[in-house]
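Open the model in your viewer and keep the selection tool ready. We will go from stop to stop.

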Amino acid sequence: MSITNESIWAASPSTTRGQPTQLSSDAKGERLAYATNKSIFLRSIDNPAIARQYTEHKAQTTVARFSPSGFYVASGDAAGTVRVWDCVGEGITKGEYSIVNGRINDLAWDGDSQRIIAVGDGKQRYGHCITWDSGNTVGEIFGHTQQINSVSIRQQRPLRAAAAGDDKKLVFYHGAPFKFNMGIGDKHSNYIYGVGFSPDGSHLVSVGADRKIWLYDGKTGETKGQIGDGEHKGSIFGVSWSKDSRKFVTASADRTVKIWDVEAGKSTQSWTLGEEGAMAVRDHQVGVVWPPGRSDNLLISLSLSGDLNYLVEGTPEPRQVISGHQKNITSLGKSTSDNKETLWTGSFDGRVCSWDVASGTAAEIEGEGHPGYVAGLTPTSEGAGRIYSVGWDDTIRSIDVAAKTYTGSASKLTGQPKGVAAGDSTVLVGTAEAVEVFQDGKKTGEYKPNFPVTTVSAHGAVAALGGEDGSVQICKLSGSSLSGQTDIKASRNQISTLEFSPDASLLAVGDLRGRVLVYKVADGSLVTDRWTAHTARITSLSWNEAGTHLVSGSLDTNIFVWSLASPGDWIELKNTHKEGVNGVVWIEGGSKIASAGVDAAVKVWKVEGLK
Amino acid sequence: MNPSNPPQTAEYGGDEVSAIVLDPGYSTTRAGFAGEDAPKSLIPSYYGKYNADGQEKLVFGDDVFVTPRPGLSIHNPIGKDGIVEDWDMAEKVWEYSFTSRLTGAKPGNPFHNGLNDIPSEELPTEMEVESEEKPLADSPLLMTEPGWNPAKAREKTIEIAMEKWGTPAFYLARNGVLAAFASGKASALVIDIGASNISITPVHDGMILKRGVQHSPLGGDYISSQIRALFKKNSPQPITITPHYLISSKTAVEAGQEPQAKYKTFPADKAPDASYRALLEERTLSEFKECVVQVWPGPNKLSAAGPNGVPNEESARSSPGRPFEFPDGYNQMFGVDRFRVVESLFDAKAAIPDPESIFPAPTPAQTLPELIKASLGGVDVDIRPHLLGNVVVTGASSLLYGFTDRLSQELMAQFPGPRVRVSAPGNTAERRFGSWIGGSILASLGTFHQMWISKKEYDEHGANIVEKRCK
Amino acid sequence: MSLASGVTIDDNCLTEFNNFRLSHGKTKYIIFKISDDKKTVVIDKVGHDQDYEVFRTDLENAKDSTGKIAPRYAVYDVEYELAAGEGKRSKIIFISWVPEGVPTLWSMIYASTRENLKNALNLSSSIHADDKSDIEWKTVLKEASGGKA
């Protein structure tokens, strides 16, 4: 009996409005590195459903960059720590260095993959130069008065480096060891967001909030001039060179990505992402990378929404847009139609995505959804298949499965939803005070148990309610009315989740302290109370189709698969989602499990030899 | 009973004589009979001192709160680090704790009270020496102590018990071990949140691991100082705590409005010392802690963003506030501030600065996560996972709402590998009197007689025996 | 001498334990309890069933004289195959079972008597169990084998 990770469907990069986000590609142009929440994801460019995740950072991650050799990644976080780790083998951490007293905004490797300059916000200093393997000092970052946003190192000898930030000044360094050479403070009139040496070392470019692009000599730092004045209509957040050093690409808050020809000093192509209007902010282009080592002239830009836009030089439309979640996935559901399985995920920021299980690609649901926390998703066969969602805006909404859009219907709930579940022809929503019954999106009934409700579950004509005081009530569901059948005092702790087995003969109960119990639905008798290995709140339970095995996900970051036939022989997966698992579900006929959690990623686990 | 005889099982193991259990803390002293569920006597460890008729007078127990006598000043025999500083007074406070409610004041010697006419031949010569019966002459005594109590203090303790109180048998138990045992565990990481100290005591196979014992002053009194700092900065107006004894009447006012109360005033020569007022203010602060203060439950620090990127401060702000009414009638809602006053137990940077506070700004090393890290750093690598799987929370200040949740979160974040399990008695009494209850059970066992240090052994070996026997 | 209850170990415990060690696997486990008068550790049951489940159920269902859930001590002969294919091993493990919900009085007595019994039996490998997953075979096997099974 074994369980192994099959794939990680990565989270989208974390972004902040009005702030650049760094993207990095390896030298071969195969993988992308970026920071999301407290993780770093390394994601295949050609198959975005393949990714690796590095989870050793203790604070919010901010940037990750591949070494030119391709063996290591250096990544920074909001606490000022840079970690260097192996990105080819096991992902072992090679070094952990405290650089500044605040957020690491950017870092750069030298051409030998030996030295790293990391920059950011701090008190005494805004950056530092170290060797990757021992953290020895190889120069000083000096001459800045405010946070540094970007740094670049010339990949050839003589070594040069440039760093710039909120003090509008670009500082040019000679190395190694890196020493202050000169400060250029009269070119940009606002924050500088990006600097970059061309791969051949001949040029240096800087861009910023003043929408300006300045070019300098890569060896001397001598200013060469400004190009494209007035073309970008918003802050320029990122810049990246083509591998032939003749062109570079810029990304801007004006929703455009532009390619520039250095010799001609002109833009040769421009893409505009998204549309004018209220939603335009999500299409601000906050980062860009032109992966070297590729033959298809692909470049990738990042929207504030986290979407990765695959742009091909010479083609006007994006080839592909990779969507996903940037924030904590708070709920997970599954629907099946025409033998095709689709996962549904809702996140803390209100986004709902559908995932094609076969390919691992996500699509964001369009239309008017929840503005915040999605508290539950449940599929129904209403219409041609609908997903009902509840959110902390205290509404229930529905999504058309085929069209992947909200239907537009929304009903107000009487309080904060604690869970949603679908019976034969009704949808139940638990709120602290009552259980509300909906049919076709309209409220048709209400039931008040004698305890504050914390979760609901339903199956055909039975429903189960869990309470704050550890009570579970099994109810009969007929039409839009509920009636209590069996009361169980399941736990001393709050009930956090409930799940009926596929034939509705058993009810699995999870509590706040990590206990999983199973009861017979018919008479409320205990089947097992042996499953106590979790140490924190059970967030999700799912039975396999045969009803023989139960999978549980918990805030303790672990996933366990339990067997009714041999209750003492469970399989465990530890540290699956950093900071907690929020959803687990069996897929592909019980051969795999999908999970989602606080790290905003979806993971697929292969289960073999169940006993 | 003749104290020079070795103790017999039947005399204080069984039903005949109950041992006394004394659990002295910085804020309160707990005393009671072994075998009972809760300490019968719960008195403040503070005592009062004033002058009357040219003589110095002392006030003990709840009486210190009662009358604001002129010049009454409040003192504590125990130092801020939880170790006794003033032994003479510690002895008096402790003695008061059991004589006031348990043993009662002993009747004077019948041969000397002048009421009895006794033939001289019946007058035992011994009685001449033992002119006054000692308060614990009949009762074995089990006392508790913090894990970092120095050898000198331990010896001094047994000396008082044997020589001043005349106890026939004595034991000194580490309160960390008692708390672990009371949770059914012989190995545990005991986290004690007391009034003057927070401490981490690793217990393994029933022994404390001294190198892992860590403590810092960020206990209940520190939290009070943070609440005071908050009150000074409060808006719409700074809050002054006026204790009940200074108020003759009050009327209800709207939230945030100036209090409408009539105050009592004391002329300078009739007023009690400032320390008296401070002690009474502390009672209001205790109530505030119970009703208002909340520990940010995590995950992550209050100043950080939650797992969703939303700043925790924002989430805290959006949760409903809690109202509090002060003795003078002033009342208001406390929002995110109710989390701030305890946050520095976990995050030194979050301390509310107050240059006038007697507590210096906390250092990162004094916070709970760092103390725990240091504690585990001081024990063998192999037993760390056992300790993390058996974390026991005790101490009255651990009852702060949300404390256990936050502790679990911090431990899980800091030690992602091993299984972390925190157990905290849900029962308030067990959390407040955990070590007393543990001592009460042990001392009531018939079999415990082998553990006692008898008067005879003490006489033979001297005070140093406590180091050998009470490890 | 560390703090302990002073509860004594009945001689029969040691005799039975010695027989157990010499039985070469015929005896699988012994369950001990503290007598109702709180004075002695005595034998509760000697088990020969090779099925771990029988032992686990015995422990899980241990009750005091009033029928309430109660703590126990136990020793179990754990047999396992080394994962590296280096053959069979066996090890006697000491378990103290103090389930959640036991009155503080009994928690205290069992915890403060544990070392005495463990030392008398001279066992190094031990588990402190307070919830059911702690007495599952997986947990016991992992502790006894040091993760090498």
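What is the mean pLDDT of chain B, and what share of its residues reach 70 or more? The mean is 87, and 90% of the residues of chain B reach 70 or more.

Some ground rules come next. This is a predicted model, where local features need pLDDT of at least 70, side-chain atom pairs count only at pLDDT 80 or more, and totals for chains, interfaces and linings use all residues. Residues are numbered from 1 along each chain as its sequence is written, while chains are lettered from A and ligands numbered from 1 in the order in which they are written.

Stop 1: Select residues 107-116 of chain B. Here the pLDDT is below 50. Beyond near neighbours in sequence, this stretch has ten contacts in the model. A contact means that the C-beta atoms of two residues, placed from the backbone, lie within 7 Å. Now take residues 123-131 of chain B: the pLDDT is again below 50, with five such contacts. Where pLDDT is low, the predicted coordinates should not be read in detail.

Stop 2: Show the cartoon. Chain B has 17 helices and 19 strands. These are DSSP runs, numbered from the N terminus: helices are H or I with at least four residues, strands E with at least two. Of its 471 residues, 49% count as buried, that is, 20 or more other C-beta atoms, placed from the backbone, lie within 10 Å of their own.

**Stop 3: where B meets C.** Here 28 residues of chain B are in contact with 25 residues of chain C. Select helix H6 (175-182) and helix H15 (434-444) of chain B: these elements each give two or more residues to that side.

**Stop 4: where B meets A.** Eleven residues of chain B are in contact with twelve residues of chain A.

**Stop 5: a sheet in chain A.** Four strands form an open antiparallel sheet, in the order S2-S3-S4-S5. Strands pair if DSSP finds at least two bridges between them. S2 (24-25) and S5 (51-54) of chain A stand at the edges with a single partner strand each, so one side of each has no neighbour in the sheet. Zoom in on Ser25(A): its bridge partner in S3(A) is Leu32(A).

Stop 6: Select residues 322-365 of chain A: 0% helix, 61% strand, with the end C-alpha atoms 13 Å apart.

Note on methods:
Buried ≥ 20, exposed ≤ 12 C-beta atoms within 10 Å, placed from the backbone. pLDDT = per-residue confidence, 0-100.
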